[in-house]
Amino acid sequence: AASTGATKNKILFSFFWSIFSLVTTIQCDVDLFSAACGGDAGKTARSLAAVSGFMGVLGLFVNQIGGKLSDSIGRKPLFLLGPIVNTLCNFANFKVGSRSLPLLIATKTLRLTFNTFSGSTMSTAALMDITTPTEMAQMGARMQCSAGIAVILGPYAEVFIMNRIGGNVASRAFGVTSAMYLVQLLLMLVALPETLLPAKRRSL
């Protein structure tokens, strides 16, 4: 029971950290998109709207395929996918900055899609592996609470970062969050156990 409780807390922390890391660049996203669009507010809004559309289409496939894959190979490899994709995308934004609008659209789409998949979909699936329906309802409430806290704290953390680094502060914030995702990846590799036992896995 103690081991299961610790695993639940680790999953909740991973869920919180994925959202916190994502929203820590929410203002920088707008700054970089605006710069890439030459300050054109209409073009910036259309570009961000395009991200939402692309995410909806890509997320449909990622969640379906990734969910089936996790039922076969286990949850942990798919948990790791989100931090890996976000680290690479954030590092690309850090290096390129606002010089490429297509890159910004592509990386934001990938970041949102895989953050949602690994952070939310896999967290829910992993918790369902080790909880009863009643416990899962309680865990769902805790997830919503932690998500709310992450959304509130993220922008404050972003301002703190941007006020303390020089140069292109918007792009440098992506460098910091790349490091945050790397920390999450290492912690998950070392500390997060697999929740789907081999006997319960399904053939592809």
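How many residues apart are F16 and F20 in helix α1? In this predicted model, the two are four residues apart in helix α1 (residues 2–23), which places about one helical turn between them. An α-helix has 3.6 residues a turn, so residues three or four places apart point the same way.

A search of the whole structure finds four aromatic pairs. One of them is that of F16 and F20: the ring centres lie 5.7 Å apart and the planes meet at 10°, so the pair is stacked. F16 is buried, at a relative accessible area of 17%, and F20 is buried as well, at 11%. The pair of F91 and F94 has its ring centres 6.0 Å apart and its planes at 45°, so this pair is tilted. F91 and F94 are three residues apart in helix α4 (residues 76–96), again with about one helical turn between them. Here F91 is partly exposed, with a relative accessible area of 45%, and F94 is partly exposed at 28%.

Helix α4 can now be viewed as a whole. Its 21 residues reach 31 Å from the first C-alpha to the last, close to the 30 Å expected at 1.5 Å a residue. The buried residues of α4 include L78, F79, L80, G82 and P83, and also C89 and N93. Just after α4 comes G97, which takes a positive phi of about 65°.

Next comes helix α3 (residues 41–73), the element with the highest mean pLDDT in the chain, 94. Helix α3 has 33 residues and reaches 45 Å from its first C-alpha to its last, close to the expected 48 Å. Along the way, α3 bends by about 25° at L58. Among its buried residues are G59, V62, G66 and G67, and what covers the buried residues of α3 includes α2 (26–36), α4 and α5 (101–130). At the N-terminal end, D40 caps α3, with a side-chain oxygen 3.0 Å from the backbone nitrogen of G42. Just after α3, G74 takes a positive phi of about 105°.

Finally, a word on confidence. The mean pLDDT of the chain is 90, and 97% of its residues reach 70 or more. Among the elements, helix α7 (residues 169–191) has the lowest mean pLDDT, 85.

How values were computed. Residues numbered from 1 in each chain as written. Predicted model: local features only at pLDDT ≥ 70, side-chain atom pairs only at ≥ 80, totals over all residues. Heavy atoms only, no water. pLDDT = per-residue confidence, 0-100. Phe/Tyr/Trp six-rings, centres within 6.5 Å; stacked < 30°, edge-to-face > 60°. Buried < 20%, exposed > 50% of the residue type's maximum accessible area, 1.4 Å probe, protein only. Expected span 1.5 Å × (residues − 1). Bend = angle between axes of the 7 residues up to and from the residue. Contact = heavy atoms within 4.5 Å. Polar contact = N/O pair within 3.5 Å; in protein donor to acceptor, adjacent residues only side chain to side chain.
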